[in-house]
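Open the model in your viewer and keep the sequence beside it. The tour goes from one selection to the next.

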Amino acid sequence: MTNPVLLRRQMVDIGRRLQQQNLIVAAEGNLSVRLGGHAFLVTPSGVGKGALRVQDLLEIDLHGRCTRGRPTSEWPLHRRIYESRPDVMAICHAHPPWATAFAAIGRDLDGSLLTETAAVLGMVPVCPRAEPGTEAAASSVLPHILGHDAILLGSHGAVAVGKDLPAAFALLETVERLAQVTLLASLARGDGGSLPPGVR
Ligand SMILES: [Zn+2]
(Lines give C-alpha, C1' and ligand atoms only; values in the text may rest on other atoms or scores of the structure.)
Protein backbone atom coordinates (compact mmCIF):
# COMPACT_ATOMS: atom_id res chain seq x y z
CA MET A 1 0.00 0.00 0.00
CA THR A 2 1.50 3.36 -0.96
CA ASN A 3 -1.52 5.68 -0.87
CA PRO A 4 -0.61 8.18 1.90
CA VAL A 5 -4.23 8.66 2.93
CA LEU A 6 -4.72 4.94 3.39
CA LEU A 7 -1.40 4.64 5.22
CA ARG A 8 -2.53 7.30 7.68
CA ARG A 9 -5.86 5.54 8.28
CA GLN A 10 -4.02 2.28 8.75
CA MET A 11 -1.70 3.84 11.35
CA VAL A 12 -4.64 5.30 13.29
CA ASP A 13 -6.39 1.93 13.23
CA ILE A 14 -3.34 0.05 14.48
CA GLY A 15 -2.74 2.63 17.21
CA ARG A 16 -6.27 1.97 18.43
CA ARG A 17 -5.75 -1.79 18.32
CA LEU A 18 -2.50 -1.50 20.29
CA GLN A 19 -4.38 0.14 23.13
CA GLN A 20 -7.49 -2.06 22.90
CA GLN A 21 -5.32 -5.17 23.12
CA ASN A 22 -3.43 -3.85 26.16
CA LEU A 23 -0.15 -3.73 24.26
CA ILE A 24 0.28 -0.11 25.40
CA VAL A 25 -1.20 2.23 28.00
CA ALA A 26 -1.23 6.04 28.26
CA ALA A 27 1.05 7.55 25.57
CA GLU A 28 3.28 4.48 25.22
CA GLY A 29 4.45 3.00 21.95
CA ASN A 30 5.09 4.40 18.50
CA LEU A 31 4.57 3.51 14.87
CA SER A 32 6.24 4.47 11.63
CA VAL A 33 6.02 3.74 7.92
CA ARG A 34 8.52 4.34 5.12
CA LEU A 35 6.82 6.58 2.57
CA GLY A 36 9.63 6.49 0.03
CA GLY A 37 12.94 8.23 -0.44
CA HIS A 38 13.95 9.72 2.90
CA ALA A 39 10.35 10.41 3.98
CA PHE A 40 8.55 8.54 6.75
CA LEU A 41 5.22 8.78 8.54
CA VAL A 42 5.47 8.64 12.34
CA THR A 43 3.31 8.98 15.44
CA PRO A 44 3.64 12.13 17.56
CA SER A 45 5.14 12.33 21.04
CA GLY A 46 2.90 12.33 24.09
CA VAL A 47 -0.34 11.36 22.37
CA GLY A 48 -2.27 8.21 23.32
CA LYS A 49 -2.14 5.92 20.30
CA GLY A 50 -5.68 4.75 21.00
CA ALA A 51 -7.04 8.21 20.25
CA LEU A 52 -4.86 9.22 17.32
CA ARG A 53 -6.37 11.21 14.46
CA VAL A 54 -5.00 11.15 10.94
CA GLN A 55 -4.07 14.82 11.27
CA ASP A 56 -1.91 14.01 14.32
CA LEU A 57 0.50 11.92 12.25
CA LEU A 58 3.75 13.56 11.20
CA GLU A 59 6.02 13.33 8.22
CA ILE A 60 9.66 13.08 9.18
CA ASP A 61 12.98 12.63 7.42
CA LEU A 62 15.72 10.24 8.39
CA HIS A 63 17.42 12.88 10.52
CA GLY A 64 14.29 13.48 12.59
CA ARG A 65 13.23 16.74 10.95
CA CYS A 66 9.47 17.40 10.84
CA THR A 67 7.69 20.23 9.08
CA ARG A 68 5.44 20.54 12.15
CA GLY A 69 4.79 18.98 15.54
CA ARG A 70 6.95 16.85 17.80
CA PRO A 71 7.64 13.27 16.70
CA THR A 72 8.02 10.32 19.02
CA SER A 73 11.11 10.62 21.19
CA GLU A 74 12.01 7.10 20.06
CA TRP A 75 12.57 8.11 16.44
CA PRO A 76 16.33 7.33 16.75
CA LEU A 77 15.40 3.67 17.22
CA HIS A 78 13.27 3.70 14.08
CA ARG A 79 15.96 5.55 12.14
CA ARG A 80 18.62 2.99 13.04
CA ILE A 81 16.39 0.15 11.92
CA TYR A 82 15.47 1.81 8.59
CA GLU A 83 19.14 2.57 7.94
CA SER A 84 20.12 -1.04 8.61
CA ARG A 85 17.21 -2.73 6.85
CA PRO A 86 16.22 -1.26 3.46
CA ASP A 87 13.60 -4.03 3.21
CA VAL A 88 11.74 -2.80 6.30
CA MET A 89 8.73 -0.66 5.38
CA ALA A 90 7.13 -0.28 8.82
CA ILE A 91 7.95 -0.47 12.51
CA CYS A 92 5.70 -1.15 15.49
CA HIS A 93 7.00 -0.51 19.00
CA ALA A 94 4.95 -1.18 22.12
CA HIS A 95 5.20 -2.31 25.72
CA PRO A 96 3.20 -5.57 25.67
CA PRO A 97 3.17 -6.77 29.29
CA TRP A 98 4.05 -10.46 28.86
CA ALA A 99 6.89 -9.79 26.42
CA THR A 100 8.05 -6.82 28.49
CA ALA A 101 8.32 -9.11 31.53
CA PHE A 102 10.95 -11.11 29.63
CA ALA A 103 12.63 -7.89 28.51
CA ALA A 104 12.68 -6.74 32.13
CA ILE A 105 14.63 -9.79 33.25
CA GLY A 106 16.86 -9.84 30.17
CA ARG A 107 15.66 -13.15 28.74
CA ASP A 108 15.27 -14.04 25.07
CA LEU A 109 12.12 -15.73 23.80
CA ASP A 110 12.45 -18.96 21.85
CA GLY A 111 9.99 -19.17 18.96
CA SER A 112 10.74 -22.87 18.51
CA LEU A 113 8.50 -23.55 21.52
CA LEU A 114 5.43 -23.45 19.23
CA THR A 115 5.02 -24.70 15.68
CA GLU A 116 3.43 -21.46 14.52
CA THR A 117 6.06 -19.16 16.01
CA ALA A 118 8.92 -21.42 14.91
CA ALA A 119 7.96 -20.61 11.32
CA VAL A 120 7.77 -16.84 11.69
CA LEU A 121 9.98 -15.85 14.61
CA GLY A 122 12.81 -18.11 15.63
CA MET A 123 14.60 -16.50 18.54
CA VAL A 124 13.47 -13.11 19.82
CA PRO A 125 16.66 -11.69 21.33
CA VAL A 126 16.77 -9.14 24.12
CA CYS A 127 18.98 -6.04 24.00
CA PRO A 128 20.80 -4.53 26.96
CA ARG A 129 18.87 -1.97 28.98
CA ALA A 130 19.20 1.61 27.72
CA GLU A 131 17.32 4.86 28.30
CA PRO A 132 14.47 5.16 25.74
CA GLY A 133 15.01 7.83 23.11
CA THR A 134 18.79 7.83 23.44
CA GLU A 135 21.33 6.85 20.84
CA ALA A 136 22.36 4.01 23.17
CA ALA A 137 18.84 2.58 23.00
CA ALA A 138 18.75 2.99 19.23
CA SER A 139 22.12 1.29 18.81
CA SER A 140 21.21 -1.55 21.16
CA VAL A 141 19.23 -3.28 18.40
CA LEU A 142 22.05 -3.22 15.86
CA PRO A 143 23.63 -6.57 16.80
CA HIS A 144 20.26 -8.26 16.20
CA ILE A 145 18.30 -6.35 13.58
CA LEU A 146 19.91 -7.91 10.51
CA GLY A 147 18.84 -11.37 11.59
CA HIS A 148 15.60 -10.73 13.45
CA ASP A 149 12.26 -9.05 12.71
CA ALA A 150 11.29 -8.85 16.38
CA ILE A 151 13.49 -7.81 19.28
CA LEU A 152 12.96 -7.23 23.00
CA LEU A 153 14.31 -3.94 24.33
CA GLY A 154 15.94 -4.47 27.72
CA SER A 155 13.66 -3.43 30.63
CA HIS A 156 11.51 -1.58 28.13
CA GLY A 157 9.31 -3.37 25.55
CA ALA A 158 9.34 -4.92 22.11
CA VAL A 159 9.83 -3.78 18.54
CA ALA A 160 8.70 -5.56 15.37
CA VAL A 161 9.29 -4.73 11.73
CA GLY A 162 7.61 -5.75 8.50
CA LYS A 163 6.81 -5.16 4.85
CA ASP A 164 3.91 -2.95 6.01
CA LEU A 165 2.36 -1.81 9.28
CA PRO A 166 -0.20 -4.65 9.57
CA ALA A 167 2.65 -7.17 9.18
CA ALA A 168 4.76 -5.46 11.87
CA PHE A 169 1.73 -5.28 14.18
CA ALA A 170 0.88 -8.95 13.62
CA LEU A 171 4.44 -9.91 14.50
CA LEU A 172 4.26 -7.88 17.70
CA GLU A 173 1.02 -9.67 18.62
CA THR A 174 2.76 -12.99 17.95
CA VAL A 175 5.69 -12.07 20.21
CA GLU A 176 3.26 -11.20 22.99
CA ARG A 177 1.41 -14.50 22.59
CA LEU A 178 4.72 -16.40 22.58
CA ALA A 179 5.76 -14.68 25.81
CA GLN A 180 2.43 -15.54 27.40
CA VAL A 181 2.56 -19.21 26.39
CA THR A 182 6.24 -19.50 27.34
CA LEU A 183 5.43 -18.50 30.89
CA LEU A 184 2.24 -20.60 31.05
CA ALA A 185 4.11 -23.62 29.67
CA SER A 186 6.64 -23.19 32.44
CA LEU A 187 3.88 -23.18 35.03
CA ALA A 188 2.09 -26.13 33.39
CA ARG A 189 5.31 -28.09 33.50
CA GLY A 190 5.37 -27.46 37.23
CA ASP A 191 9.02 -26.60 37.15
CA GLY A 192 8.70 -23.87 39.74
CA GLY A 193 8.85 -21.03 37.27
CA SER A 194 12.07 -21.86 35.46
CA LEU A 195 11.96 -21.33 31.74
CA PRO A 196 11.49 -23.96 29.03
CA PRO A 197 14.55 -25.46 27.34
CA GLY A 198 16.06 -23.14 24.78
CA VAL A 199 15.06 -19.96 26.61
CA ARG A 200 18.04 -18.36 28.24
ZN1 LIG B 1 8.97 2.46 24.36
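Select β7 (150-153) and strand β8 (residues 157-162): four bridges join the two, which run antiparallel. Strands here are DSSP E runs of at least two residues, helices are H or I runs of at least four, and both are numbered from the N terminus. Two strands pair if DSSP finds at least two bridges between them. Now pick L153; its bridge partner in β8 is G157.

This is a predicted model, in which local features need pLDDT of at least 70 and side-chain atom pairs count only at pLDDT 80 or more, while totals for chains, interfaces and linings use all residues. Residues are numbered from 1 along each chain as its sequence is written, and side-chain values use heavy atoms, without hydrogens and water.

Next, show the whole sheet. Six strands form an open sheet in the order β3-β2-β1-β4-β8-β7, with antiparallel pairing. β3 and β7 stand at the edges with a single partner strand each, so one side of each has no neighbour in the sheet.

Move to the zinc ion. Its protein donors are E74 (OE), H93 (NE2), H95 (NE2) and H156 (NE2), at 2.0 to 2.6 Å. Donors are N, O and S atoms within 2.8 Å of the metal (3.2 Å for Na, K and Ca); water is not among the atoms, so sites may look incomplete. E74 lies in the loop between β3 (58-61) and α2 (75-84) and H93 in strand β4 (residues 90-94), so this pair ties together parts 19 residues apart in sequence. Finally, select E74 and H93: both are buried (under 20% relative accessible area, with exposed over 50% and partly exposed in between; 1.4 Å probe, protein chains only).
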